[in-house]
Amino acid sequence: MLLVLCVDLDDDLGRKTGVRTPVVGRDAVEDAAVALATADPEDSDVNVLFQGIHVHDDLVSEFADGDPDDAEEVEVAAVTGLNGNDVKANRAVGDEVDEVLAGLQTGENVRAVVITDGAQDESVLPVIRSRVPIDSVRRVVVRQAQDLESMYYTIKQVLDDPETRGTILVPLGILLLIYPFVTIATLFDVEGATVLGLISALLGLYVLFRGLGLERFVDDAAARARNILYAGRVTLITYVVAAALIIVGGAQGVETIQAVERAVGGSLTAPALAAAFVHGAVQWFAAAGVTSSLGQVTDEYLVDEFKWRYLNAPFYVVAIALVLYALSGFFLSGLLPAGETVALVRTLTLTDLALALTAGTLLGVLSTLTFAIAESKYPTGAEPA
């Protein structure tokens with residue numbers, strides 16, 4: 001048996017005429033087509049219904065004139081979906097197809113010839129195919145508007161896709177703004193080349209941003225920042241303070257380099273530059289490390305994931321800073337002229353260096369042993385997974 005199935009995905013038939021669907025039978029479909037044509041002559045679904053009737057009549061005539069052994073029973077039906085939601089509309093069409101198939105009094109296998117009016121209605125074909133084999137799909141369009149509706153729905157789909165919309169429309173919008181920006185710039189005596197350069201730079205940065213996929217990185221970073229902010233994490237504050245301390249330390253390191261260069265009366269070698277910078281900045285960097293590590297330890301304690309060994313971090317930072325400060329001071333003491341003092345430099349002797357290295361080592365070892373013993377005596381819980 002052949003079932004000529006007229007598909008109206010957005011339910012123009014039901015909404016405009018009040019006809020209950022599915023509509024089964026030639027006369028019933030013809031009445032529905034006349035009712036829809038009367039209600040809205042410009043509706044393309046009118047053509048679908050009449051085309052379904054035409055295909056039905058052609059198939060009946062063909063089987064009547066052919067070999068009686070090859071003749072098949074032919075039926076025509078109209079099914080509709082819902083307006084506004086493609087997923088719900090497809091499900092509604094599937095339900096009505098099930099209802100039509102259940103109402104057919106035939107022992108033959110049913111195959112379908114689907115009649116649609118364009119690309120949008122054809123999105124339901126997988127739903128129909130899951131219920132009945134499809135022999136043919138026929139699209140009905142007005143001859144003067146060939147492929148116009150398909151083009152419309154293709155453009156509509158592109159505009160509805162956020163990724164495609166951002167990739168295509170944003171650069172296009174920037175390009176379209178070039179002329180008005182240049183026109184406005186000339187009113188304020190700004191050269192057009194300057195405006196073109198700025199717009200080109202913006203467009204280039206946007207294309208590079210999209211091409212490298214940096215939007216995902218920025219979105220993830222923003223999400224993490226929001227989570228930290230809303231969760232009341234102490235690290236949010238300590239990281240900001242640590243960043244400020246690092247900036248101050250960098251400035252102090254540069255100032256120390258300039259002071260040493262004035263003292264020696266010339267430019268410094270690369271090792272001397274590194275020593276001067278470290279000597280001036282290391283105490284600030286150490287303060288930043290201690291601040292951020294204490295914030296991290298506090299957050300671990302608040303979420304019940306604290307371990308005694310986490311307290312090693314600030315002591316390690318202080319020990320490393322002490323060693324670097326002593327090494328850089330000892331190196332600079334040999335670089336500066338005898339008896340020369342620099343306000344930002346503390347010159348150290350070999351004895352001072354040995355004491356600083358010993359103190360740094362002892363501080364690291366003692367902190368490790370102390371917190372290891374504390375962990376064994378007062379365990380803080382199971383290891384986090």
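Which exposed residues does the face of H2 turned away from its buried side carry? Keep that in mind as you open this predicted model, and let's walk through it.

**Stop 1: helix H2.** Select residues 26–39. This helix has 14 residues and reaches 20 Å from its first C-alpha to its last, close to the 20 Å expected at 1.5 Å a residue. Now show the side chains of Val 29, Ala 32, Ala 33 and Leu 36, which are buried. They sit on the same side of H2, because they cover an arc of only 100° around the axis.

Turn to the face directed away from that buried side, and you have the reply to the opening question: Asp 27, Asp 31 and Thr 38 are the exposed residues there.

**Stop 2: strand S1.** Next, pick residues 2–8. Seven of the seven residues of this strand are buried, so S1 is largely enclosed by the rest of the structure. In a regular strand, side chains alternate between the two faces of the sheet. Here, Leu 2, Val 4, Cys 6 and Asp 8 point one way, while Leu 3, Leu 5 and Val 7 point the other way.

**Stop 3: the partners of S1.** Bring S3 back into view: S1 and S3 run parallel and are joined by seven bridges. To find one of the pairings, select Leu 5 and its bridge partner in S3, Ala 77. Finally, show strand S4 (residues 111–116), which pairs with S1 in the parallel sense over five bridges. Here Leu 2 has Arg 111 of S4 as its bridge partner.

How values were computed:
Residues are numbered from 1 along each chain as its sequence is written. This is a predicted model: local features need pLDDT of at least 70, side-chain atom pairs count only at pLDDT 80 or more; totals for chains, interfaces and linings use all residues. Side-chain values use heavy atoms; hydrogens and water are left out. Helices (H or I, at least four residues) and strands (E, at least two) are DSSP runs, numbered from the N terminus. The expected span of a helix is 1.5 Å times one less than its number of residues. Buried means under 20% relative accessible area, exposed over 50%, partly exposed in between (1.4 Å probe, protein chains only). The arc is that of the directions from the helix axis to the C-beta atoms. Two strands pair if DSSP finds at least two bridges between them.
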